[in-house]
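Thanks for sending this one over. Here are my notes, written to be read with the model open beside you.

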Amino acid sequence: MTDLSKAISYLLHPLMMATYASAIYLFLLPTPYTFADERVPYFLVGLIATGTFMLPAFFSLLMLRMGKIKSLQMETIGERNWPLVFTVLIYFGVLYVLHNKFIPSFIQIFVLGATASMIVALIINLRWKISLHMIGAGGMCGAIAGNLMVTGEGPVKLLAGLVIISGGIASARHYLGTHTLAQLFIGYISGFAILFSLMALLLVRI
């Protein structure tokens with residue numbers, strides 16, 4: 001059970017959520033965007049993965065090598081601050097690159113929401129340990145729910161599946177003893193509220 005919980009934590013890491021969300025939008029949801037080259041969606045997913053996962057992960061590995069953090073799990077409040085700061089700065093850079101009319105609005109808004117979520121997490125983390133995994137999971141569910149509400153398109157079963165997966169993430173994190181139920185719940189609600197609100201407010205305007 002411990003190995004399974006660790007596998008879930010790594011495979012569904014919060015830094016991976018923007019990549020997963022982009023792939024879901026481009027390959028599973030109805031979208032008004034059409035691409036002359038069928039390779040473009042794959043390029044976009046790769047771009048998102050590089051900016052929102054690989055670069056922050058590289059800085060975390062660098063900080064681990066320098067002894068600034070004890071592990072990549074960053075289990076203490078103090079260890080999380082600088083990685084969160086670097087992640088926020090990188091996400092702002094990704095937002096600048098993605099601010100293009102050819103990039104689907106859903107993806108732009110999701111990265112904006114992910115950036116806002118990291119800022120909220122950084123502020124809360126100064127005093128209290130919130131679950132970053134559940135912020136990511138809640139954000140994913142909030143984004144899909146917001147898109148469904150605004151466009152009226154998309155399988156409800158997909159949203160239900162994501163909610164179930166979120167429960168699996170929460171169970172894994174709680175089993176590993178990394179978070180209390182309150183930290184998991186507030187993390188999920190925070191992520192959901194931020195992404196749902198941004199999708200509801202901005203999706204039809206960008």
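1. A word on the source. This is a predicted model, in which local features need pLDDT of at least 70 and side-chain atom pairs count only at pLDDT 80 or more, while totals for chains, interfaces and linings use all residues. Residues are numbered from 1 along each chain as its sequence is written, and side-chain values use heavy atoms, with hydrogens and water left out.

2. The fold. You will find eight helices and zero strands in the protein chain, in the order α-α-α-α-α-α-α-α. Helices (H or I, at least four residues) and strands (E, at least two) are DSSP runs, numbered from the N terminus.

3. Overall dimensions. A compact globule of 206 residues would have a radius of gyration near 17 Å, and the protein chain agrees with that at 16 Å. That radius is taken over C-alpha atoms, and the globule rule is 2.2 Å times the number of residues to the power 0.38. Along the principal axes, the C-alpha atoms fill a box of roughly 45 × 35 × 30 Å.

4. Contacts and burial. Contact here means heavy atoms within 4.5 Å. Of the contacts between residues at least 6 apart in sequence, 74% join residues at least 24 apart. Buried residues make up 45% of the 206 residues (buried is under 20% relative accessible area, exposed over 50%, partly exposed in between; 1.4 Å probe, protein chains only).

5. A nonpolar core is a set of buried Ala, Val, Leu, Ile, Met, Phe, Trp, Tyr and Cys residues joined through side-chain atoms within 4.5 Å. The largest has 42 residues, and Phe106, Ile107 and Phe110 touch the most other members. Helices α2 (17-27), α3, α4, α5 (105-125), α6 (132-151), α7 (156-175) and α8 (181-202) each supply at least two residues of this core, with α6 giving the most, seven residues.

6. Phe110 up close. Leaving aside neighbours within four places in sequence, Phe110 is in contact with Met17, Ala18, Ala21, Gly139, Met140, Ala143, Leu195 and Met199.

7. The surface. Accessible surface (Shrake-Rupley method, 1.4 Å probe; for residues, only the protein chains shown count as cover) comes to about 10,700 Å², of which 71% belongs to carbon and sulfur atoms. Leu47, in helix α3, is partly exposed at a relative accessible area of 30%.
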